[in-house]
Each structure stands twice: as C-alpha cells, then as structure tokens.
Amino acid sequence: MTPTQPPPFPPPEPPRPPGAGDGGGHGHPHGHGHSHAHGPAAPVSQHLRKVIAAILIPFAAAVLIGLAVLWPGGAPAHERTGVGFDRQTQHATVTKVVELSCQSVNASGGVPTGDTSTAEGSSAQQQADGTCKKATIRVDTGKDKGRTFDEIVQPDQSRQLSEGQKVVVAYEPSAPDDLQYSVTDVDRRFPLALLAGIFALAVVAVGRLRGVMALVALAISFLVLNFFVLPAILQGSNPLVVAVVGASAIMLIALYLCHGPSARTSVAVLGTLISLLLIGVLGSVFIGWAALTGNTDDNTGLIHGLYPGIDMSGLLLAGVIIGSLGVLDDVTVTQTSAVWELHEANPSTGWRGLYRAGIRIGRDHIASVVNTLVLAYAGAALPLLLLFSIAQSSVGTVANSELVAEEIVRTLIGSIGLVASVPVTTALAALVVSADRPSARTPGRAGAQEAAQAPDARPPTMRGGRGRRRKR
C-alpha cells in the first residue's frame, strides 16, 4: 500500500499525512492508539455468541432450578447398625506393645489337628505355635478420651501394631465394657494430608493461576458431591436425575472457572453435555438389558438395607455419569483448544480442514484415554481377577458374573462417550471458529490481509490478527 492509496479501514480521525504510513515517527503514535483503543477482535461473531448463549443460558437455568428443587438439606438420620462403615469410630494411639505366647491368649488352647495345607489349618497352626502381641491402646477422642484397652494381635494378621502408631477404633456401646472398643484401621490422615499438599503445590507451581483455579474447582466439585448429590440420593430422589443435575453443575463451574467465560469454553461445555447425554442413554439401555442390580458387595448391600427405597441400578448409572465427567472435560477442552490453535496458525482454513486436522489429534487422544480407562479398572480389580484366576474360571464365566459385568458395562459405556466426544466437540469447534473467518466478517478485512503482505505494511492494519491471539 502506498501513501497515496486510501487505507483499508475508514479512519475515525482526519486523514493521516502522506508520511504516516511509511513507518516514520509520525505514524507510530497513531498506530499504537488504534491497535489498543478498540481492544482485541472477538474470535466469533456476535450472532454465533448469541446462538451459543441461547443454548447454554436455558441449560444453566435448568441446572439451577434442579439444584433448588432437589436440594436435600442434609442426609437423613438413622440408627447405626455397627456393620462395616456404619459404626461409631474414634481416634486412638498404641501406647505399648508386648510379645507373648499365642497359646496363653487364644481361647481354644488346644493343638490344631486340621490340614495345615489349607489357609484355615495354617492359620490355626500359627496361632498355636507363634508369638502374639498384646497392644495397649489409648482413646484420644470422644467421651471416653484417655481410656485404655488391650487388643491381641495374631501373628498371621496382615496389620501388625507398633508402639506410638495412630489407629482408628470402633465403639459399640451395647457390648461389655472390655469389648466396647476394637481397632478397625490405621489412622492415615497425616500422610494423606501431606500427599494432598504436595499435589496442590505441584499444580500451582506448574499451572500458576490456572492451577489455583483448578484446585478451587476441585474443591467445589467435592462440595457439590457431599452436600447435594449424596444427601439427595439418600433422601430418596431419583439417582439418575440427581447425577445429571450434579454433574452438569460441576461441569459448568469447573470449565468456566478454569478456562474462563469464552466461546471456546462454551464449545467444550456443549461437547461435554452431548457426550453425557449419550452416556446416560446407553447406560439406561444396557444396565437394564444386562439386568444389573447395582447390589454386588457388602457396601451396596448395607446401603440397600439401610435405605431400601434407593434405586440401586439407578445409583449404578449415576456413578457411570459422574465417573465419566472428569475424563470428558479433559477430552473436550483439549479438542476445542486444538481446533482454535489450528485456526490461529492458518485463519484461512475452512471448517472441513479444521475438522480433519483436529480429528487426527483426537485419534491419538482416544487411543491413550481408552487404554487408560481399561488399565485403571484392571489395576483396581486386580485382587478380584486374581481370585478368578486361582479358581481357573474361563473368561466368559468371569465376564458374566455381575460383579465384573458391572465394571465392564461401566467402562465400555464411559469409553463410548469419550470416543464420541472427540468428533462431536471437534465438529462444533470447527464450525464455530470457521464461521468467523477474516474474509467473511467484514469486507475490508481481505484488504487488510493484502496490506499486511506488503513490505511497508503497518501493524495497525493487522489488529484483527493480533487481537485473535489475545482473546479466544
């Protein structure tokens, strides 16, 4: 562009002098003011922003209404059964440990005559011939603070007590005085708190402000689970509805808090929402078709016994939805960011080109995420799978058992939702970001790009390109 040619955009000020466009000192003040006074250009048009808002605002309002209608106001009270986790517990300290003969403390006192090749026979032999421990334990919390009691530790017990160790003890008020307290677990609060602190420091050190926002979102997610999802299910609300409302609230809070209220975040929210709907539909169909009750272990049996009105299969589906949400956030945000950055690198690329490039990135993501889900389940269920291996059960027999089939359905439904989220989110992001291509937004933008290619072009004519990198 020569100084005698009209500028590509009508200037709001009087025409510049002929030397203002050649990089001289007179042109710099005007160029600096023009590129910053109007702020960065929006990455999508106002029309598309209105379309996105027309979808997400009613959705957010529905989530708020759902929270208000289903808000439980606390978990219902019940009498403790003394079984499993439903026990009164206190914290205590092992003050003294002495060794003594097992024969002097075991009630049987006789020599075992069973087959020592079995687990029961071997345990009986160890209890007869081995060295036991008598631990003196002091209660540190509760109304009996300072009270001590003794507990015998057999040599074959997996948990051996040591002096000074912090433990958790169960309290049963209806038992005889000398049997009211018993050790149930080790107190792990300090190592867990230390590990959580290291995790928080690592997140903040690497993520900085984004890391702080991620930790705040994590805390809010736990609050939603503890104060809404769990109490609402215990109050008798439909677990599926509660899970959908709770997961939607967590999704909105976490994504917008961590990534900011932008069109890019809104596209990730839409992709996550569509994938969650797919997971809910598939879960409802296959959990019912496979006749999964959701009552497969002692804990779920205890819940069903205490609250028989809870739909356990619905609780299973709720767990599938909430469990899938965390990985879905990762996939949808990554895909949206990838498409946005591809558009930044080449603004002239159409939505098909953006989709093809984004889906190639997504395929790598799919392969790693699906493998992660399967291996995570296999690692968590390793003791169970080992039992099936010892029993020499066939793969079909293992998969058909409800305990394993429940996890297979959970993993596969979540994986299908993750796989679907990649093309869905990539297509949404490509359509949104390419709908505001520089050549389509304003007639003068093409002239600005041509001027940018000239050797004597000034930065002010590129304010759209510079603005795009600032606001996404």
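**Entry 1: exposure**

I call a residue buried under 20% relative accessible area, exposed over 50% and partly exposed in between, with a 1.4 Å probe and protein chains only. This is a predicted model: local features need pLDDT of at least 70, side-chain atom pairs count only at pLDDT 80 or more, and totals for chains, interfaces and linings use all residues. Residues are numbered from 1 along each chain as its sequence is written, and side-chain values use heavy atoms, with hydrogens and water left out.

I began with Asp178. Its relative accessible area is 61%, so Asp178 is exposed. I take helices (H or I, at least four residues) and strands (E, at least two) as DSSP runs, numbered from the N terminus. Asp178 sits in the loop between strand 4 (166-171) and strand 5 (181-186).

**Entry 2: aromatic rings**

I paired rings of Phe, Tyr and Trp (its six-membered ring) if their centres lie within 6.5 Å; planes under 30 degrees apart count as stacked, over 60 as edge-to-face and the rest as tilted. I got four aromatic pairs by this rule. Trp71 and Phe228 have ring centres 5.8 Å apart and planes at 25°, so I logged them as stacked. Why does this pair tie together parts that are 157 residues apart in sequence? Trp71 lies in the loop between helix 2 (46-70) and strand 1 (88-101), whereas Phe228 lies in helix 4 (residues 189-234). Phe228 has 0% relative accessibility, so it counts as buried.

Next I looked at Phe286 and Trp289. Their ring centres are 5.7 Å apart and their planes at 35°, so this pair is tilted. Both residues lie in helix 6 (residues 263-289), three residues apart, about one turn of the helix. An α-helix has 3.6 residues a turn, so residues three or four places apart point the same way. Trp289 is exposed at 67%.

I also noted one aromatic cluster, formed by Phe149, Tyr171 and Tyr181.

**Entry 3: the second largest pocket**

I searched a 1 Å grid over the protein atoms alone: a pocket is an open set of points where a 1.4 Å probe fits, with protein on both sides within 12 Å along at least five of seven lines, and lining residues have an atom within 4 Å of a point. Grid points are joined across faces, edges and corners, and a volume is the space filled by probe spheres set on the points. The second largest pocket holds about 510 Å³ of space. It is lined by 22 residues, and the closest to its centre are Ala217, Ala254, Cys258, Gly326 and Asp329.

Which helix gives the largest share of the lining? Helix 4 does, with nine residues. Helix 4, helix 5 (239-259) and helix 8 (312-345) each supply at least two residues. For classes, I count Ala, Val, Leu, Ile, Met, Phe, Trp, Tyr, Cys and Pro as nonpolar, Asp, Glu, Lys and Arg as charged, and the others, Gly among them, as polar. The lining has 14 nonpolar, five polar and three charged residues.

**Entry 4: helix 5 and its ends**

The expected span of a helix is 1.5 Å times one less than its number of residues. Helix 5 has 21 residues and reaches 29 Å from first C-alpha to last, close to the 30 Å expected. I looked at both ends. Asn238 caps the N-terminal end, with a side-chain oxygen 2.8 Å from the backbone nitrogen of Leu240. Just after helix 5, Gly260 takes a positive phi of about 85°.

**Entry 5: single residues**

Arg208 is in helix 4. Its phi is near 55°, a positive value in a residue other than glycine. Arg208 is exposed, at 64%.

Ala291 is not a glycine either, but has a positive phi of about 55°. I found Ala291 in the loop between helix 6 and helix 7 (298-306). Ala291 is exposed, at 54%.

Thr334 lies in helix 8 and is partly exposed at 30% relative accessibility. Thr334 and Ile361 are 27 residues apart in sequence and 9.4 Å apart in space, C-alpha to C-alpha.

Ser415 is buried, with a relative accessible area of 9%.

Methods: Polar contact = N/O pair within 3.5 Å; in protein donor to acceptor, adjacent residues only side chain to side chain.
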